Each structure stands twice: as structure tokens, then as C-alpha cells.
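Q: I am new to this structure and would like a close look at one part of it. Please keep the answer plain and connected.

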Amino acid sequence: MLHILWLILKFILILLGIVLGLLLLAILLILFCPVRYRASGTKEQDDWKKIRGEGQISWLFHGVVLRVVWAEGNLQTSFRLFGIPVDKILNRRKKVKDYAGSEEIPEKPVNAKSEKMISSPVDSQPQDAPEKSQQKTDSDKKEKKISPVRKLLSGIQSKRKRIWDRIHHIRAALCRVGAQVTWWRDFLEHPRVQAGISLVWTHAKFLIRHVLPTGMDGEITFSTEDPSITGAILAVLGMTIPFHKNCVRVRPLFSGENYCQGNVRIKGRIYGIVFVRAAVSIYFNKNIKYVIRRWKTRRA
């Protein structure tokens, strides 16, 4: 009996170990296996509709691949899971279901039944007309006439009251806005709040640099009808040199005609551990906790 219980316990422990191992492996893959991306764009003809673009995102050593292609004004997507075209399989199943649902179903004949409507006369009983109230003579009614001066004074008093109420509401709104401005000023000028903002900004810059492409290559040749516009575009493109480190070669042509051809390719990778490290560093920082606590309480 004890031997059987030990075998069952051993089997449960082995199964639990396998599950924990798989879970640990999945966490390690998410953290340390990068998500790689690449994109390219090509324009070889004068027609802007002939631009061809291609983008791909892969993970788990190209085990999971999402590919997007733009060509001839059409967008095509494909998704593969370990070499299996998942999107094609789903589209094939959808076509089979649509074909099965479009089959004609024989309709049963419906017998129309005639229904006779029997109308019964409704006796309309005349209703007695309401008694008319006797009109009083003009001599019996004494209308109170209000003088024009009293009407004018009452109108001025009501307008003055409305104006005073509006002024009171505006003053109350300005006081509330002033209190909010004071609170925000004291909140942002606090040393711990500034330290928290500096920490978040530092991690944000690092994450942006991490997400940006690690490789870039290409060549662009362009020209415009006005040489001055060509020079202005070249000056703007020169500002992007720190971004691509002169890997994209730009060649202007002062030929006096509109012309643009070229190709650009980029690639990069993103690690999950970088985002987790930044999130943990920000969340457990004492200054960030102080900012969150003060924001919740709204105390100046």
C-alpha cells in the first residue's frame, strides 16, 4: 500500500517538475529570446503607386513569423508558426464553412389559411358636452395694472441678480483653478518628484535607443523642379545623419525635374528583459512610490 502511494506521489512530483520546468523555460524565452524585426522599401519607377514595401517580425529563432508585403497597391499578410502557414489554414476552413452554409435548403410548402374577420358594431354613445362656464362680465373683473416704472425696476433688479451670480461663479472657478495651479507647482517642484521624473526619463531614453534599428542601409536619389527646394530637402535629410549614421546615402540631382528613386533597409531586435528591468527599477524606487502616494492623496 505504501509502495503504491509512493509511486503516485512520485508521478505527481515528476509531473509538477515538468510543468514548472516548462513554465521557467517560457519565462526565460520571453525575457532573453529577442523579437527581431526588419523592413525594406523600394521605389524604382516614377509612379508612386509602384512602391514596394516589406516588413517582418520574428521570434523564437524564426519559429513565429509575421510578414507583411505592400506591392502594387495591395497589402498581403502571412503568419507562420514553426513553418506552418496558420493564416492559410484558417482561410481554407472559413471557405469550407461558407461553402457548406451556402448550400440550398429545400423549403416546405406553406398552406395559406384564410381568416375571416367578424366585425361587430360598436355602439357609440354620445358623450355629454362639458358644461360651459359662465363668462364673467368685464365689470366684475378688476385687473391690477402695474405701472411701467415698477416693471422697469423689477427688470433691473433681476438682471443685477443674474450678473452678480455669474460673477460669484466666475470667482469660485478662478479660486479652484488657482488652488490647482498652486498644487501642481508645489508638486512638480518637490525634490523627490523631480528625482522620480528624472529616473523615468532616463529609462525612457534607454528604451527608445534599444528599440531603434541596429542596422540600416540604403540609397536615395532625388531631384525637384526648383533647385532651391532640392537644397532645402537635402538640408533636412542631413539632420537625420545622427539617426542612421550616414548609412543611407543621399544623392541630390539638380536636373530641374521631379525625380525620386531608391531603397532603404532596416533591422533591429528587442529583448523583453530590458523592459522588465526598467519596470522593476521604476516600480521599486522610493521616489516613484512617493509620487504615486502623493498623487493618490492629492495633498500639497
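Is W184 buried, partly exposed or exposed, and what is its relative accessible area?

A: The model is a predicted one. In it, W184 has a relative accessible area of 37%. W183 has a relative accessibility of 8%, and because buried means under 20%, W183 is buried.

These two residues also form a ring pair. A search of the whole structure gives seven aromatic pairs. In the pair of W183 and W184, the ring centres are 5.4 Å apart and the planes stand at 90°. Planes over 60 degrees apart count as edge-to-face, so the pair of W183 and W184 is edge-to-face. Ring pairs also bring in F187 and W295, which are linked with W183 and W184 into a cluster.

Next come the helices. Helix 4 covers residues 191-211 and helix 7 covers residues 272-283. The two pack with their axes 11 Å apart, at an angle of about 180°. Because angles over 145 degrees count as roughly antiparallel, helix 4 is roughly antiparallel to helix 7. On the helix 4 side, the residues in contact are L199, V200, H203, F206, L207, H210 and V211. They meet V274, F275, R277, A278, S281 and I282 of helix 7. Sorted by class, this contact has nine nonpolar, three polar and one charged residues.

Strand 2 (residues 52-59) and strand 3 (residues 64-71) run antiparallel and are joined by seven bridges. Here E54 stands opposite V69 of strand 3. Four residues lie between the strands in this hairpin, where L60 has a positive phi near 60°.

Strand 3 is also joined to strand 4 (residues 74-81), by eight bridges, and these two run antiparallel. In this pairing L66 stands opposite F79 of strand 4. The hairpin of strand 3 and strand 4 has two residues between the strands, and E72 takes a positive phi near 55° there.

Strand 6 (residues 215-223) runs parallel to strand 7, with five bridges joining them. T221 stands opposite R251, which is in strand 7.

Definitions and conventions. Residues are numbered from 1 along each chain as its sequence is written. This is a predicted model: local features need pLDDT of at least 70, side-chain atom pairs count only at pLDDT 80 or more; totals for chains, interfaces and linings use all residues. Side-chain values use heavy atoms; hydrogens and water are left out. Two strands pair if DSSP finds at least two bridges between them. Rings of Phe, Tyr and Trp (its six-membered ring) pair if their centres lie within 6.5 Å; planes under 30 degrees apart count as stacked, over 60 as edge-to-face and the rest as tilted. Buried means under 20% relative accessible area, exposed over 50%, partly exposed in between (1.4 Å probe, protein chains only). Axes are lines fitted to C-alpha atoms, for helices over the stretch in contact, and angles run from 0 to 180 degrees between N-to-C directions. Angles under 35 degrees count as roughly parallel, over 145 as roughly antiparallel, 65 to 115 as roughly perpendicular and the rest as oblique. Contact means heavy atoms within 4.5 Å. Ala, Val, Leu, Ile, Met, Phe, Trp, Tyr, Cys and Pro count as nonpolar, Asp, Glu, Lys and Arg as charged, and the others, Gly among them, as polar.
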